[in-house]
Amino acid sequence: MTGPVEERPGKDAPTEGAPTEGAPSEGAPAEGGGRRRSGLRNPDKAVRGLGAGTLALEALVLLLAIQPIRVVGGDLSGAAIAAIVALAVACVALAGQMKRAWAWHAGTVLQGLLLLSGLLHWSLFALGVMFALVWAYALHVRRVILG
């Protein structure tokens with residue numbers, strides 16, 4: 001520090017004109033004239049990482065679920081296995097495209113397709129419900145952070 005050291009009041013004694021808890025600081029960079037809604041350095045990148053991570057995890061779970069579904073869940077047809085592999089590949093492809101605005105919509109469509117694949121096997125519907133809820137939460141976080 002090169003300047004003089006200022007005494008700070010205690011935690012419980014707010015200074016006049018100081019921002020309240022949860023309010024963005026006055027010096028925060030503004031995007032489009034408004035104030036930044038989060039304290040993240042790069043909120044766009046953080047949200048893209050959340051979406052990509054969600055889709056990558058979904059792809060991994062789908063691929064790892066094939067054998068347990070076959071053993072425990074009964075008959076898993078070739079069409080169901082092909083649907084699982086195709087959905088996993090689509091998840092990985094979309095995870096790499098999260099910087100594009102359309103990828104969020106495509107991810108939502110992908111969740112619907114996973115739910116629809118429940119017609120092939122009931123456990124795919126169960127996975128679809130779980131990942132649809134996770135995706136809905138990711139969309140909620142995106143809306144809160146980016147506004």
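Helices here are DSSP runs of at least four residues, numbered from the N terminus. Keep in mind that you're working with a predicted model.

**Exercise 1.** Find the helix that holds Thr54, then decide whether Thr54 is buried or exposed.

*Solution.* 
- Step 1: Look along helix α1, which covers residues 43-72; that's where Thr54 sits.
- Step 2: Check the accessibility. Thr54 has a relative value of 9%, and buried means under 20%, so Thr54 counts as buried.
- Step 3: See what Thr54 touches. Skipping residues up to four places away in sequence, you get Val134, Trp135 and Ala138.

**Exercise 2.** Work out which residues touch the most other members of the largest nonpolar core, and which element gives the largest share of this core.

*Solution.* 
- Step 1: The core has 25 residues, and the ones touching the most other members are Leu55, Leu62, Met98 and Leu127.
- Step 2: Now the elements: α1, α2 (78-95), α3 and α4 (122-146) each give two or more residues to this core. The largest share, 8 residues, is from α1.
- Step 3: Zoom in on Leu55. Ignoring neighbours within four places in sequence, its contacts are Cys91, Leu94, Ala95, Met98, Leu110, Gln111 and Trp135.

How values were computed
Residues are numbered from 1 along each chain as its sequence is written. This is a predicted model: local features need pLDDT of at least 70, side-chain atom pairs count only at pLDDT 80 or more; totals for chains, interfaces and linings use all residues. Side-chain values use heavy atoms; hydrogens and water are left out. Buried means under 20% relative accessible area, exposed over 50%, partly exposed in between (1.4 Å probe, protein chains only). Contact means heavy atoms within 4.5 Å. A nonpolar core is a set of buried Ala, Val, Leu, Ile, Met, Phe, Trp, Tyr and Cys residues joined through side-chain atoms within 4.5 Å.
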